[in-house]
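Please open the model in your viewer and keep the sequence beside it.

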Amino acid sequence: MAYEMKPNTASLFKNDKREKLQPHNKGSALIDGKEYWVSGWENQSANGVEYQSLKFQLKELTDAKKQGFSDMSDDVPY
C-alpha cells in the first residue's frame with residue numbers, strides 16, 4: 001500500500017547529496033489540499049540557538065518550470 005500524506009502535514013528527510021548551499025533536509029507537504037516541496041536548512045542564531053529555516057515551493061509551479069512553461073502568465077493578450 002502506497003503512503004498517503006495526511007492533510008496539513010510535512011515530511012523531511014536528510015539530503016545525503018548536499019553540496020554547499022543546498023538544503024540539509026528535503027521533503028514534501030500537503031497544505032490546504034496542495035502539494036509543496038519542502039527544503040530545510042540547519043542554522044544557529046546569534047545567541048547560539050539551533051533552528052531550521054524552511055522553504056515551501058508549490059509542486060505545480062516547479063513542475064511547470066521543468067516543462068518550459070516558466071514564462072507563461074495568466075494574462076492573455078487576446
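Is Phe56 buried, partly exposed or exposed? Phe56 counts as partly exposed, at 40% relative accessibility. Here buried means under 20% relative accessible area, exposed means over 50%, and partly exposed lies in between (1.4 Å probe, protein chains only).

Before the next selection, some conventions are needed. Residues are numbered from 1 along each chain as its sequence is written, and side-chain values use heavy atoms, with hydrogens and water left out. This is a predicted model, in which local features need pLDDT of at least 70 and side-chain atom pairs count only at pLDDT 80 or more, whereas totals for chains, interfaces and linings use all residues.

**The whole chain**

Display the protein as a cartoon. The secondary structure comes to one helix and four strands, and from the N terminus on the elements run β-β-β-β-α. Helices (H or I, at least four residues) and strands (E, at least two) are DSSP runs, numbered from the N terminus.

The accessible surface comes to about 7000 Å², of which 51% belongs to carbon and sulfur atoms; accessible areas come from the Shrake-Rupley method with a 1.4 Å probe, and for residues only the protein chains shown count as cover. Buried residues make up 19% of the 78 residues in the protein. Among contacts between residues at least 6 apart in sequence, 15% join residues at least 24 apart, where contact means heavy atoms within 4.5 Å.

**The aromatic pair**

Select Phe56 together with Tyr36. Rings of Phe, Tyr and Trp (its six-membered ring) pair if their centres lie within 6.5 Å; planes under 30 degrees apart count as stacked, over 60 as edge-to-face and the rest as tilted. By this rule the count comes to one aromatic pair. Tyr36 and Phe56 form this pair, which is edge-to-face, with 6.5 Å from centre to centre and 85° between the planes. Because Tyr36 lies in strand β3 (residues 34-44) and Phe56 in strand β4 (residues 50-58), the pair ties together parts that are 20 residues apart in sequence.

**The nonpolar patch**

Leu12, Leu54 and Phe56 make a nonpolar surface patch of about 260 Å². Patches are made of residues with over 30% relative accessible area and no salt bridge: like charges are joined within 9 Å, nonpolar side chains (Val, Leu, Ile, Met, Phe, Trp, Tyr) within 5 Å.

Leu12 is found in strand β1 and is partly exposed, at 36% relative accessibility. Leu54 is found in strand β4 and is also partly exposed, with a relative accessible area of 46%. Which residues does Leu54 touch, not counting residues up to four places away in sequence? They are Leu12, Val38, Ser39 and Gly40. The C-alpha atoms of Leu54 and Asn25 are separated by 9.2 Å, although these residues are 29 residues apart along the chain.

**A buried serine**

Ser39 is found in strand β3 and is buried, with a relative accessible area of 14%. With residues up to four places away left out, Ser39 touches Pro23, Asn25, Ser53, Leu54 and Lys55.

**The salt bridge and a charge over a ring**

Select Lys59 and Glu35. A search of the whole structure finds one salt bridge, defined as a side-chain nitrogen of Lys or Arg within 4 Å of a carboxyl oxygen of Asp or Glu. The side chains of Lys59 and Glu35 meet in a salt bridge (3.3 Å, N to O). Lys59 lies in helix α1 (residues 59-66) and Glu35 in strand β3, so the pair ties together parts that are 24 residues apart in sequence. Lys59 counts as buried, at 15% relative accessibility, whereas Glu35 counts as partly exposed, at 43%.

The charged end of Lys59 sits over the ring of Trp37, 4.1 Å from its centre. A charge sits over a ring if NZ of Lys or CZ of Arg is within 6 Å of the ring centre and within 35 degrees of the ring normal.

**Two backbone angles**

Most residues other than glycine have a negative phi. Select Asn8, in the segment before β1 (9-14): Asn8 has a positive phi of about 60° although it is not a glycine. Asn8 is exposed, with a relative accessible area of 52%.

Finish at Lys20, in the loop between β1 and β2 (25-31). Lys20 has a positive phi of about 35° and counts as exposed, at 76% relative accessibility.
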